[in-house]
Amino acid sequence: MYNLWLTIIAICCLIGGCGHKDDDTKNIHRNMPAATLKGFHLLETVNGKPQWELSGKNADIQQNVINLDGITCIFFHPQTEEAVLKVKANKGSLEIDSRMIELVGEVIAEDIAARGALSAREAPSAREAPSARGAPSAREALSGNIFHSSRLIWDAARMVLISPGEITIQMNGAIFKADTMIINPATEKVEARGVRININNGK
């Protein structure tokens, strides 16, 4: 099991200081009063390494849920500690017990790992696009791509970022749409289902 350490910078005054042991962090929400804060910053670590960093312009704390707006969330590679994905969203929430993050509204995720672009043969061709819809999956590496969605969910148990609905992907000079998508920061891989593609000819 991971030793999950929760560092809460913006609300230390509410919980009597940071640096609680794991048993204490599980009980934070039981004693936490409802509060609305200007400015919020939260860093989640696993085995002493950063997993994600969540910031918001405003935070509404209600028992086990923290509701946020004006959100920026950065995800890190679990081994190298390198920031690999930056997500911005209008609104969202964090469940303290499960560590699940839900981002909604205009959600834009950008790969910031800069691992290099996909080769042409790695990306689906225009001829393959009609048959790609409903295909088992399409797996591609992160490479400076941009993802547009109305909803993204961080599944802490699986350590993946999920788009349960349609998502638009800007990748390697083309614009894709997919029915669903899963991003794995650890492997820097994308799994998309129901992929359609439009080639950008630069016109």
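Tutor: Before we look at any residue, note that buried means under 20% relative accessible area, exposed means over 50%, and partly exposed is in between, using a 1.4 Å probe and protein chains only. This is a predicted model, in which local features need pLDDT of at least 70 and side-chain atom pairs count only at pLDDT 80 or more, while totals for chains, interfaces and linings use all residues. Residues are numbered from 1 along each chain as its sequence is written, and side-chain values use heavy atoms, with hydrogens and water left out.

Student: How many helices and strands are there in the chain?

Tutor: Helices (H or I, at least four residues) and strands (E, at least two) are DSSP runs, numbered from the N terminus. By that count the chain has four helices and 14 strands.

Student: Which residues have the most contacts inside the largest nonpolar core?

Tutor: A nonpolar core is a set of buried Ala, Val, Leu, Ile, Met, Phe, Trp, Tyr and Cys residues joined through side-chain atoms within 4.5 Å. The largest one here has 39 residues, and those with the most contacts inside it are Trp 52, Leu 85, Val 87 and Phe 147. If we set aside its neighbours within four places in sequence, the residues in contact with Leu 85 include Cys 73, Ile 74, Phe 75, Ile 112, Phe 147, Leu 161 and Ile 183. Across the chain, 51% of the contacts with a separation of 6 or more are made by residues 24 or more positions apart.

Student: Which residues of strand E11 are on its covered face, and which are on the uncovered one?

Tutor: In a regular strand the side chains alternate between the two faces of the sheet. In strand E11 (residues 174-178), the covered face has Ala 174, Phe 176 and Ala 178, whereas Ile 175 and Lys 177 are on the uncovered face.

Student: How many bridges join strand E10 to E11?

Tutor: Two strands pair if DSSP finds at least two bridges between them. Strand E10 (residues 167-171) runs antiparallel to E11 and is joined to it by five bridges, and Ile 167 has Ala 178 in E11 as its bridge partner. The hairpin of these strands has two residues between them, and there Asn 172 takes a positive phi near 55°.

Student: Where is Glu 188 found, and is it buried or exposed?

Tutor: Glu 188 is found in the loop between strand E12 (180-184) and strand E13 (189-193), and phi of this non-glycine residue is positive, near 55°. Glu 188 counts as buried because its relative accessible area is 9%. Glu 81 also has a positive phi, of about 65°, although it is not a glycine; this residue is in the loop between strand E4 (65-76) and strand E5 (83-95). With a relative accessible area of 39%, Glu 81 is partly exposed.

Student: How many salt bridges does the structure hold?

Tutor: Side chains of opposite charge can pair when their charged atoms come close. A salt bridge is a side-chain nitrogen of Lys or Arg within 4 Å of a carboxyl oxygen of Asp or Glu, and the structure holds six of them. In one of the six, Glu 44 pairs with Arg 99, and the closest N and O atoms are 3.1 Å apart. Since Glu 44 is in strand E2 (residues 35-46) and Arg 99 is in the loop between E5 and strand E6 (101-111), the pair ties together parts that are 55 residues apart in sequence. Both Glu 44 and Arg 99 are buried.

Student: Which side chain meets that of Glu 102 in a salt bridge?

Tutor: The partner of Glu 102 is Arg 151, at 2.7 Å from N to O. Because Glu 102 lies in strand E6 and Arg 151 in strand E8 (residues 146-155), this pair ties together parts 49 residues apart in sequence. Arg 151 has 34% relative accessibility, so it counts as partly exposed.

Student: Which residues are linked with Arg 196 in a network of salt bridges?

Tutor: The network links Arg 196 with Glu 166 and Asp 179. Between Arg 196 and Glu 166, the closest N and O atoms of the salt bridge are 2.8 Å apart. That pair links distant parts of the chain, 30 residues apart, with Arg 196 in strand E14 (residues 196-199) and Glu 166 in the loop between strand E9 (160-163) and E10. Arg 196 is partly exposed at a relative accessible area of 22%, and Glu 166 is partly exposed at 48%.

Note on methods
Contact means heavy atoms within 4.5 Å.
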